[in-house]
Protein chains: 2
Amino acid sequence: MSQKRYFLQEDQIPSQWYNIQADMKTKPAPMLDPSTKEPVSVESLSTIFSEACSRQELDFSNRWIDIPDEVREKYKYYRSTPLVRAYGLEKALDTPAHIYFKNESVSPVGSHKLNSALAQAWYCKQEGVANVTTETGAGQWGTALSYAASLFGLNAAVYQVKISYEQKPYRRSMMQIFGAQVTPSPSMSTRAGKDILTVDPNHQGSLGTAISEAVELARTTPEKCKYTLGSTMSHVSLHQTVIGLEAEMQMEMAGEYPDEVIACFGGGSNFSGLAFPFMRHNIEGRTNTRFIAVEPESCPKMTKGKFEYDFGDEAGYTPLIKMYTLGHKFKPANIHAGGLRYHGAGAVVSQLYHDGLMEAMDIPQLESFDAGILFAKAEGIVPAPESCHAIAATVREALKCKEAGESKVLLFNLTGHGLMDMSAYDQYLRGNLY
Amino acid sequence: MSQKRYFLQEDQIPSQWYNIQADMKTKPAPMLDPSTKEPVSVESLSTIFSEACSRQELDFSNRWIDIPDEVREKYKYYRSTPLVRAYGLEKALDTPAHIYFKNESVSPVGSHKLNSALAQAWYCKQEGVANVTTETGAGQWGTALSYAASLFGLNAAVYQVKISYEQKPYRRSMMQIFGAQVTPSPSMSTRAGKDILTVDPNHQGSLGTAISEAVELARTTPEKCKYTLGSTMSHVSLHQTVIGLEAEMQMEMAGEYPDEVIACFGGGSNFSGLAFPFMRHNIEGRTNTRFIAVEPESCPKMTKGKFEYDFGDEAGYTPLIKMYTLGHKFKPANIHAGGLRYHGAGAVVSQLYHDGLMEAMDIPQLESFDAGILFAKAEGIVPAPESCHAIAATVREALKCKEAGESKVLLFNLTGHGLMDMSAYDQYLRGNLY
């Protein structure tokens, strides 16, 4: 057997992130202030976000942005993550395809989310901010921010989507281990939460409701508290490009180049992170790689949504964003892939999708878990329900290769492990998951 | 900052295990057949264990034993595991000590146990055995065997200590994901289980009871089913030496050599695995490293037990083993470190301890979790309750270094992550853990 896993030396860990906004021929439509309908500025963004992130958000000229040394030092705790040749999965599928995955589940918090949490927490620290707040769905982003905040001595307040808070109580424990204050959303602690509960006292929560509450907390204490976001925005995608930049070097070590890059899709952070560095070669016309964003069938904003201006949150606190959306009042089904339960797609990815630079696919929950179990047996890693979607799409593509007798190179992102999601697997094993 | 993590290339993964039995000046006392009081032979051992493991168990002459290619190929799925410089922990303790840990938690099943499970399952496969059985405490060994069995196409039946089965239900789910049949022990499915439950219907189980049941299953179906063991025996320690052999090369990459090697201690598998390769240099008189086995205060067979012949299991099915023991009827307290709830210490480690080649230390449960939380915040990895004991001992030693102003090099084994043990952390966070 040839090599199984590829690592980089610590001095090969990227020292810059890749900013695809500089390379896009059609830039994403500007975010608009809902009251004035004017494009938002760095100044207005930075009333909520850190100034550095606000600048990155609207940076359409710099292709490469330096990773602060302090962030890169913390990246060394878990990066490079391994690029893995999935020999076990290939064998199980009896496919001529070469399947690789980037294993972001080895991060301290068990997912890729830490890549951006470290950056956002560091910028807050540097700007003298003492408190950070955010929302979390599955709990992966909340855990990442809690850990990053504790590393840099910040306090973290996390609004967790109520259904995830109940389905995944141990995520809350992890955030608490790292010292964060965790509140199930919608809650009575904010105006937004109260309004939502007034209309629907049994609201299970969604990323939309939790964003409203966290943004409100940041807004009502603007000097002392900044909001951070785990997905959808350009600066988050930017930070996540460390994944794809590493993968590019590691694929080169493996002597291959991906024909297809596949990632699950909630708001777009892991998809962007893996895909954008490879996509730049497509933009430059040097490659013809396919990029596939994989959604849950029950939350199909790309495959079934509309490309229009919409709010990023339930209450309508965020700027208006031109994106593929199911509507900011859309209530996603209570699937276990909590990180994919979001109504919108992020402005950059939406534009790229609209312009035909990438594709989308949606997968039923049961198919995603079938693929997850197959992968667990073959590769020994129990994947997060979100990652199961990428695996299921990869399985589909690998089986097409088998039919066609093609040995394509498939690369997918294993965003996280499923060790906090065993109740979902339990349900699956008992035949109670649909 | 200097380098954080050290990896080996795949071709540097050891191709042989180290057999300390060949180097011991005083060999361990022979295991005795309880009826005849005669030393057990390879033949009698192999009625229960695979023949290869039985031979390894009684091999006192070969220092180096080849790792089968098939096992080494599976090692590549997760090995080398990283050697990590714990800069975060050093800073948190403000100690001049250099702290390193070998991170075995990155294995597919989350602990070092897979190192031996792969070997034992492979030997069974090679010998034409279709079924394997075992016991598991915390669930780490059971998960490892379940996965290894599924990789090599064997059926696995696991007896899980009842208290762990209840405290850690998701470990059962993981074993089931890998296709194993899991039974809480003591159960009514074996004679041994029935006898135990007759005396004490509320028996919470222990490794001793579960071993009795698994051994009975193997004994009553000898041709079709072999028993496998996750700790205490020499062949298990042998397989685990891959940890220390890697660590030795990785410490060399770091330009250091450990003054102290620290590992938690249940039956001895992770301790032996990390320590023995370094200990061979002490035996040869070239180094003077300290080796510290860390027990829970509530199960202190080394620090408080007797060095005498005893059974390895509750029912008295195993051979008699000369070891440090609290008595095979000892019922350990229901601490969360299920993997350390075992009454005996393994013949080789017991002899080494008796001969002064190593030390032992016992740690109260609360101190172990204090250390675990400190480590989680500093290094981002939530450790298994078992590993917390090694961390607590390392903290003690590092604080001694601080007092003395000594920059000793400390190396401990992070045997596994605690993501399946969040209920224990939950209890700790609520102040309900003692």
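Contact, in these legends, means that heavy atoms lie within 4.5 Å of each other, and every view is drawn from a predicted model.

**View 1. Helix α6 of chain A meets helix α15 of chain B.** In this close-up, Tyr147(A), Ser150(A) and Leu151(A), which belong to α6(A), are in contact with Ala376(B), Lys377(B), Ala378(B) and Glu379(B), which belong to α15(B). Sorted by class, the residues in this contact of α6(A) with α15(B) are four nonpolar, one polar and two charged.

**View 2. The area buried between chain A and chain B.** The size of an interface is often given as the accessible area that is lost when the parts come together. Between chain A and chain B, the buried area is about 3,800 Å², and carbon and sulfur atoms give 61% of it. Within chain A, the residues that lose the most area to chain B are Arg5(A), Tyr77(A) and Ile177(A), which together account for 18% of what that side buries. The contact draws 44 residues from chain A and 44 residues from chain B.

View 3. Between chain A and chain B, 18 residue pairs are in polar contact, counting pairs in which both residues have pLDDT 80 or more. On the side of chain A that touches chain B, at least two residues each come from α4 (87–93), α6, α8 (169–177), α15 (365–379) and α17 (422–429) of chain A. The largest share of that side, six residues, is supplied by α8(A). By class, the residues on the side of chain A that touches chain B divide into 22 nonpolar, 12 polar and 10 charged. The count of salt bridges between the two chains, A and B, is two, and Arg172(B) forms a salt bridge with Asp426(A), with the closest N and O atoms 3.9 Å apart.

View 4. Side chains of opposite charge can pair when their charged atoms come close. Here Arg63(B) forms a salt bridge with Asp23(B), and their closest N and O atoms are 2.9 Å apart. Arg63(B) lies in the loop between α2 (51–57) and β3 (64–66) of chain B, while Asp23(B) lies in the loop between β2 (16–18) and α1 (42–45) of chain B, so the pair ties together parts that are 40 residues apart in sequence. Over all chains, the structure holds 42 salt bridges.

Conventions: Residues are numbered from 1 along each chain as its sequence is written. Chains are lettered from A and ligands numbered from 1 in the order in which they are written. This is a predicted model: local features need pLDDT of at least 70, side-chain atom pairs count only at pLDDT 80 or more; totals for chains, interfaces and linings use all residues. Side-chain values use heavy atoms; hydrogens and water are left out. Helices (H or I, at least four residues) and strands (E, at least two) are DSSP runs, numbered from the N terminus. Ala, Val, Leu, Ile, Met, Phe, Trp, Tyr, Cys and Pro count as nonpolar, Asp, Glu, Lys and Arg as charged, and the others, Gly among them, as polar. Buried area is the accessible area (1.4 Å probe) that two parts lose on being put together, summed over both. A salt bridge is a side-chain nitrogen of Lys or Arg within 4 Å of a carboxyl oxygen of Asp or Glu. A polar contact is a pair of N or O atoms within 3.5 Å; within protein, one must be able to donate a hydrogen and the other to accept it, and residues adjacent in sequence count only if both atoms are side-chain atoms.
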